[in-house]
Amino acid sequence: MKERWKPVSVVVCCLFLLTACSHSWLLSGGSPNQGGKTSDGRTEVVMWNLFGGGDAEYMQDIVNAFNESQSDYYIHNIMQENAEYYTKLLTSMGAGRGPDIAIAHDYVLAEFVNQDLLFDIGELDQEDVMQWEDFNQNILQSTVFDDKHVAVPIDTHSQIMYVNNELVDGAGLLNEDGSIDMEESPQGFVDFFVTLKGELDGEQMPFALSTNGSDPFWLWWTFYTQLGGEHILSEESIDDTSYALEEDKAIEAAELVRSLFQEHEVIPLNQADFYGNFQSGKSAVITTGVWATGIWETTDGLDFTPMPIPTLFDEEGAWGSSHTLILPAKDEVNEEVVQGAIQFLEFATDHGEMWAKAGHIPSKDTVVESEAFQSIPYRSDYAEVADYVNFLDQTIYTRGLQTVMQENLDRIWSGDISPEEAFDQIERDVEDLID
């Protein structure tokens with residue numbers, strides 16, 4: 001019995017020490033709820049983000065630039081562990097101890113809104129700091145709920161295509177202006193890759209793409225929306241949803257993607273590292289998110305061109321998401337902190353060319369049209385996607401929905417089940433999810 005109490009006493013001591021440390025931190029003015037002051041008298045504004053790698057560096061550059069641009073506010077930027085980010089953020093916000101500013105993807109916003117955890121930024125902006133008309137309205141709408149600006153988008157990061165110019169040109173499929181020689185139709189898309197397959201040597205492949213996970217799901221979503229599909233879940237309200245997939249369009253889009261893996265075999269199954277296949281020059285084409293631009297442009301000897309995924313059906317469409325900035329709601333509003341936060345939101349979006357270095361498309365049209373953005377190589381080649389990118393449904397189930405979709409679609413790409421069988425199972429799984 002005594003032995004069982006030893007670890008408990010250790011835990012109690014650890015909790016006491018953690019509490020003491022936390023209390024000391026609160027007294028130092030570091031809490032996001034306290035509106036603490038820095039040593040030089042600035043109001044401290046605490047921000048959480050989930051970025052890693054290059055994204056983390058570019059965001060810190062924006063924070064540093066803001067902190068250096070004025071002397072009233074100091075953004076304290078804290079990088080959190082990505083895997084547990086939303087669990088930690090939701091928990092802290094629910095307890096009223098969230099940060100002053102946080103990064104959130106657009107598809108998580110409905111969860112925050114449903115729990116009344118976000119400030120209406122437009123309502124707080126008494127000084128009209130935010131210039132909503134400067135934003136790309138397609139991107140901006142993904143952050144508006146019931147006519148309230150619950151977040152500020154800083155980008156859209158969509159799925160696009162990257163072309164290895166040397167391999168595609170060698171196959172006779174690169175036009176003089178640098179565009180690819182492809183008829184924009186489902187058959188033209190297939191023919192392009194089949195021709196590549198016939199022209200490339202045995203060590204090269206036409207198309208680098210994972211057989212599972214998010215990237216092929218995004219490609220399916222792109223074609224589904226190009227066919228006119230708009231929803232998987234209804235958007236009647238964020239917490240009262242129903243299954244709304246247009247199955248005929250979903251199956252047609254899935255058949256096209258499946259054929260690339262199966263009948264035509266232009267995408268080798270189970271590629272161990274499809275990014276590496278393109279980066280090393282073994283693949284003629286890859287489709288993935290715009291963030292890969294930063295990888296390819298720093299790869300010695302890789303001659304590539306980024307481009308939107310071709311419009312193969314009746315509607316322009318592409319998968320995309322947004323990183324947004326949110327202001328977690330507090331019981332007591334510290335006006336100085338709020339004003340500092342809003343000033344930063346405007347600064348960050350006004351300086352979207354800094355964030356574009358990560359490959360993302362800035363959320364403001366005024367930035368995309370600026371010389372500062374246009375002078376950055378490659379980004380303007382795909383910036384147009386922002387006008388027609390299609391965001392996933394704004395519901396509290398969207399994160400779970402993505403898991404359901406990917407797990408079932410993966411079985412189509414691998415040839416285990418037919419699209420019809422997959423979507424029958426998807427409907428059952430989604431009904432269980434939202435029940």
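**Pocket, helix and cavity**

The largest pocket is lined by 24 residues, and nearest its centre lie Asn82, Tyr86, His105, Tyr107 and Trp218. The model is predicted: local features need pLDDT of at least 70 and side-chain atom pairs pLDDT 80 or more, while totals for chains, interfaces and linings use all residues. Residues are numbered from 1 along each chain as its sequence is written, and side-chain values use heavy atoms, without hydrogens and water.

On a 1 Å grid over the protein atoms alone, a pocket is an open set of points with protein on both sides within 12 Å along at least five of seven lines, a cavity is a set where a 1.4 Å probe fits but cannot get out, and lining residues have an atom within 4 Å of a point. The largest pocket holds about 590 Å³ of space. Its lining has nine nonpolar, 12 polar and three charged residues.

Of its 13 residues, 12 are buried, so α9 is largely enclosed by the rest of the structure; buried means under 20% relative accessible area (1.4 Å probe, protein chains only). Trp218 is one of these buried residues.

The whole structure has one cavity of 30 Å³ or more. Tyr107 lines this cavity too, along with residues including Asp106, Leu392 and Gln402. β11 gives the most to the cavity lining, with three residues.

Conventions. Grid points are joined across faces, edges and corners, and a volume is the space filled by probe spheres set on the points. Ala, Val, Leu, Ile, Met, Phe, Trp, Tyr, Cys and Pro count as nonpolar, Asp, Glu, Lys and Arg as charged, and the others, Gly among them, as polar. Buried means under 20% relative accessible area, exposed over 50%, partly exposed in between (1.4 Å probe, protein chains only). Helices (H or I, at least four residues) and strands (E, at least two) are DSSP runs, numbered from the N terminus.
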